[in-house]
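Please view the sequence and the structure together while reading.

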Amino acid sequence: MAELVLGPARRMSRRIRLVSSAGIVAAVLLAVLLVPPLVQLDQQAVDLAAKLRPPSWEHPFGTDDVGRDLLLRCVYGLRVSLLVGIVAGLTATVIGTAVGALAAAFGGWTDRIVMRLVDTFSSVPHLLLGIFIVAMFRPGVGPVIVSVALTHWLSTARIVRSEVLSLRSRPFIDAAISGGASRGRVIVRHLLPAVLPQAGLAAVLMVPHAMWHESALSFLGLGLPTHQASLGNLVQTARGSLLAGDWWPTLFPGLFLIIPTLALAGLAGAWRERINPRRRSELML
């Protein structure tokens with residue numbers, strides 16, 4: 001009897017988590033798409049007479065150390081961070097999917113050499129390698145995207161490789177090869193479509209990871225220019241205000257970073273349960 005009650009309760013919990021995560025993601029997308037063109041305010045406008053004002057009706061998130069509206073700055077910062085996360089996450093997923101699929105499909109020396117390269121890159125911390133990459137360019141969105149994309153495709157390559165290795169022993173692959181299909185045709189027509197759900201899940205999980213990576217680089221002063229609004233820059237510039245007791249310039253950019261990433265993780269968890277029913281049934285036990 002307890003299991004019958006627990007099952008519907010868990011299903012309801014998952015449904016609530018999915019709906020709330022989707023609602024937050026939708027609100028974030030609407031904010032970053034509609035607020036800049038609809039709100040005719042300059043997010044760079046300086047008003048020293050209104051600096052470091054606490055949250056109020058006029059400024060719901062307060063103002064920063066030079067009087068700029070913090071809500072508008074957070075929306076613009078989230079827009080930049082989300083752009084970096086989506087582009088870098090998709091690029092890293094494409095690279096990892098291609099590398100993992102080719103390594104597993106060709107096998108032999110190709111597989112061993114590629115995976116040794118993956119292990120070599122994995123031995124270097126992501127942040128350290130990312131700092132090395134962005135240090136070679138001027139601060140900007142492009143170098144940050146390149147840095148995140150080139151340091152985050154390794155896990156996707158491993159996942160796709162393991163999936164392709166398991167698919168190579170399936171009867172439909174043997175039938176395609178026996179029918180005269182070339183190796184390239186087998187990869188494009190059979191193997192890649194079969195791993196697309198896993199690759200899509202990896203891309204969704206990569207977006208919040210890339211957002212945190214961009215924020216870390218910007219916080220260290222190596223990501224975006226300091227005058228450009230990004231969540232990492234907002235937190236970095238608010239350190240002095242926090243030490244002086246002004247909490248809002250640090251709290252709200254941090255929430256704008258944490259809440260969307262948790263929502264994306266919730267959507268990724270629901271996707272994982274959907275494409276892996278066996279894992280979902282095990283969780284129900």
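R116 is partly exposed at 47% relative accessibility, a class that lies between buried (under 20% relative accessible area) and exposed (over 50%), computed with a 1.4 Å probe on protein chains only. D119 is likewise partly exposed, at 32%. The two residues form a salt bridge with the closest N and O atoms 2.9 Å apart; the term denotes a side-chain nitrogen of Lys or Arg within 4 Å of a carboxyl oxygen of Asp or Glu. Because they stand 3 residues apart in helix α3, about one helical turn separates D119 and R116. Salt bridges with shared partners unite R116, D119 and R158 in one network.

## Basis of the model

The model is predicted: local features require pLDDT of at least 70 and side-chain atom pairs pLDDT 80 or more, while totals for chains, interfaces and linings use all residues. Residues are numbered from 1 along each chain as its sequence is written, and side-chain values use heavy atoms, without hydrogens and water.

## Other salt bridges

The structure holds 4 salt bridges. One of them joins D111 and R161 at 2.7 Å, N to O. This pair connects distant parts of the chain, with D111 in helix α3 (residues 108-122) and R161 in helix α6, 50 residues apart. D111 is buried at 11% relative accessibility, whereas R161 is partly exposed at 22%.

R68 and D64 also meet in a salt bridge, at 2.8 Å, N to O. R68 is buried at 14% relative accessibility, and D64 is buried at 8%.

Note on methods: Helix = DSSP H or I, 4+ residues; strand = E, 2+ residues; numbered from the N terminus.
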